[in-house]
Amino acid sequence: MASNNATEQTATSGSSIAIACEFEDDYKYAGDDHGLYAGEDPRSDFAHFLDLAEKRQDLLPKLWNKESRSACEAMGANRSNDNWANLSCAVEKHDLQEHYKDNAMPLRLRLLAEKVYGERVQGGL
């Protein structure tokens, strides 16, 4: 079983990658260019995503707190080239499959976004 720290790290990076997938889906399939696709700072959309995630029961690790959220936001804002969770970079289906070595990862992240938003997300990433 994963440690709480490992679970929290997965939630932290997974959250920013899930919203990046949502940006990609909205742009590609709905023609909605917001966040990085509109040249905007994606952090406000990400903050909204985290607000919603925190309201969903049993979605985030039990030990999730203000410090966890701050770490998650900092990870998303970190623009270094080696940061996979960088919100300023687009992410595509093949990137996810290659990075995670899991062909189902795009679907898993879409399902996470659907749980956060409480509705079906656009597209076919």
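I started with Phe-46 and Phe-49, which both sit in helix H2, 3 residues apart, about one turn of the helix. Helices here are DSSP runs of H or I with at least four residues, numbered from the N terminus. An α-helix has 3.6 residues a turn, so residues three or four places apart point the same way.

Ground rules before going on. I am in a predicted model, where local features need pLDDT of at least 70, side-chain atom pairs count only at pLDDT 80 or more, and totals for chains, interfaces and linings use all residues. Residues are numbered from 1 along each chain as its sequence is written, and side-chain values use heavy atoms, with hydrogens and water left out.

Next I looked up ring pairs: centres within 6.5 Å, with planes under 30 degrees apart called stacked, over 60 edge-to-face and the rest tilted, for rings of Phe, Tyr and Trp (its six-membered ring). By this rule I get 2 aromatic pairs. The ring centres of Phe-46 and Phe-49 are 6.4 Å apart and their planes are at 20°, so I log the pair as stacked.

Then accessibility (buried is under 20% relative accessible area, exposed over 50%, partly exposed in between; 1.4 Å probe, protein chains only). Phe-46 comes out at 1%, so I count it as buried. Phe-49 is at 0% and is buried too.

Which residues of H2 are buried? I noted Phe-46, Phe-49, Leu-50, Leu-52 and Ala-53. They cover an arc of only 160° around the axis, which puts them on the same side of H2; the arc is taken from the directions from the helix axis to the C-beta atoms. On the other side of H2, I found Ser-44 and Lys-55 exposed.

How values were computed
Helices (H or I, at least four residues) and strands (E, at least two) are DSSP runs, numbered from the N terminus.
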